[in-house]
Amino acid sequence: MKKRHMTLLTAFAAAAAFASTAQAAPIVAPTDGYMGPYRLAFQTNGSTLATLAQMSDYNTFVTTEAGLITELAALGTTWTAIGSTKTQGGINPTPVDARDNTNTNPTVETGVPIYTTTGLRIADDNADLWDGSIQNPIFYGDGTDPLLAHQFAARAFTGTASDGTAYTVGDGDSLSSGDGTNQVNIRMARGGNTDGCWVGCASFSDYDPRGLKMLAISGVIGSGTTADPDFAITSISYDQASEQITLTWTSSPNRTYAVFFSEDLNFGADVADSVVSAGDTTSLTFSNPAPGARQVFFRISENGP
Ligand SMILES: [Ca+2]
């Protein structure tokens with residue numbers, strides 16, 4: 001029996017403190033009650049030129065940037081750039097559309113909801129991501145910077161049209177369109193926007209030494225590498241007075257489950273390592289393992305028969 005596990009990322013214990021704290025930490029989890037698999041998107045803190053050799057180089061860039069943000073690194077997921085390249089004049093790399101580079105092409109799969117690093121929903125699925133507008137703006141880093149939409153620092157290279165394909169006609173071009181000698185203006189996003197500017201709005205020099213940020217999307221988080229509708233945490237309750245927490249999840253007969261907790265997504269400690277299945281649904285009530293913590297995350301693993 002292959003081990004299955006899913007993670008519920010929740011910040012329930014700190015909701016009150018959170019709202020009153022100016023320097024709120026990123027919670028990298030949905031805040032709208034959604035408990036299924038999802039992706040995160042963020043804008044890098046660092047900048048790059050748009051003259052990198054190929055799409056994989058931009059993916060490496062955003063992966064490095066995600067690794068510099070503790071909470072994102074702890075997720076252990078993959079990161080890809082919201083960027084597109086196209087072949088042009090024989091000097092450019094293999095054409096890649098952002099919706100394929102990020103595995104969010106709605107013609108390939110429906111996809112999962114996408115959230116900001118502050119837990120706000122960006123899109124319900126792949127089609128919603130690439131329909132020309134998003135539900136909440138993508139801010140950079142941990143999402144707590146009060147970035148204004150038209151500040152220079154909010155700009156990001158994308159080379160991408162609002163449908164997720166390479167930007168080829170209009171103000172700007174796709175990534176790596178230049179030859180590194182003659183300047184080419186690359187389609188860019190303006191962070192902080194929810195209209196089409198979220199991915200494409202004006203353009204910027206591919207080799208201006210200031211460079212621009214990049215937008216990135218994670219792999220699927222929250223239910224292993226693929227969505228498994230048969231295994232999910234279905235409810236969580238927390239009694240602040242008694243510090244009692246109850247988790248309920250869908251289970252299979254004749255299995256046991258381990259319940260892990262973490263304040264930083266490392267999941268090095270468990271609440272229980274062998275909770276016997278109660279059938280189709282199993283619940284566990286326990287004392288808050290991290291009293292006073294600003295946030296606590298839980299992960300449940302199926303141990304097998
Ligand atoms: Ca949309």
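**View 1. Strand 2 pairs with strand 9 in the antiparallel sense, over three bridges.** The model shown here is predicted: local features need pLDDT of at least 70, side-chain atom pairs count only at pLDDT 80 or more, and totals for chains, interfaces and linings use all residues. Residue numbers start from 1 along each chain as its sequence is written. Strands (E, at least two residues) and helices (H or I, at least four) are DSSP runs, numbered from the N terminus, and two strands pair if DSSP finds at least two bridges between them. Look for Gln43, which stands opposite Leu215 of strand 9. Strand 2 is also joined to strand 4 by two bridges, and these two run parallel. Here Leu40 sits opposite Tyr115 of strand 4.

**View 2. Strand 2 is covered on both faces.** In a regular strand the side chains alternate between the two faces of the sheet. On one side you'll find Arg39, Ala41 and Gln43, and on the other Leu40 and Phe42, all buried. Five of the five residues of strand 2 are buried, so the strand is largely enclosed by the rest of the structure.

**View 3. The largest nonpolar core has 48 residues.** Such a core is a set of buried Ala, Val, Leu, Ile, Met, Phe, Trp, Tyr and Cys residues joined through C-beta atoms within 7 Å. Ala41, Met214 and Ala216 have the most contacts inside this core. Helix 2 (55–67), strand 2 (39–43) and strand 9 (213–218) are among the elements that each supply at least two of its residues. The largest share, five residues, comes from helix 2.

**View 4. Zooming in on Ala41 and its contacts.** A contact here means two C-beta atoms, placed from the backbone, within 7 Å. Elsewhere, a second, separate core of 14 residues includes Ile233, Ile245, Val275 and Phe298.

**View 5. Three strands form an open sheet in the order 10-11-14, with antiparallel pairing.** Strand 10 (233–239) and strand 14 (281–287) are the edge strands, each pairing on one side only. Strand 10 pairs with strand 11 (residues 244–250) over six bridges, and Asp239 has Gln244 of strand 11 as its bridge partner.

Terms used: Buried ≥ 20, exposed ≤ 12 C-beta atoms within 10 Å, placed from the backbone. Lists of a residue's contacts leave out its neighbours within four places in sequence.
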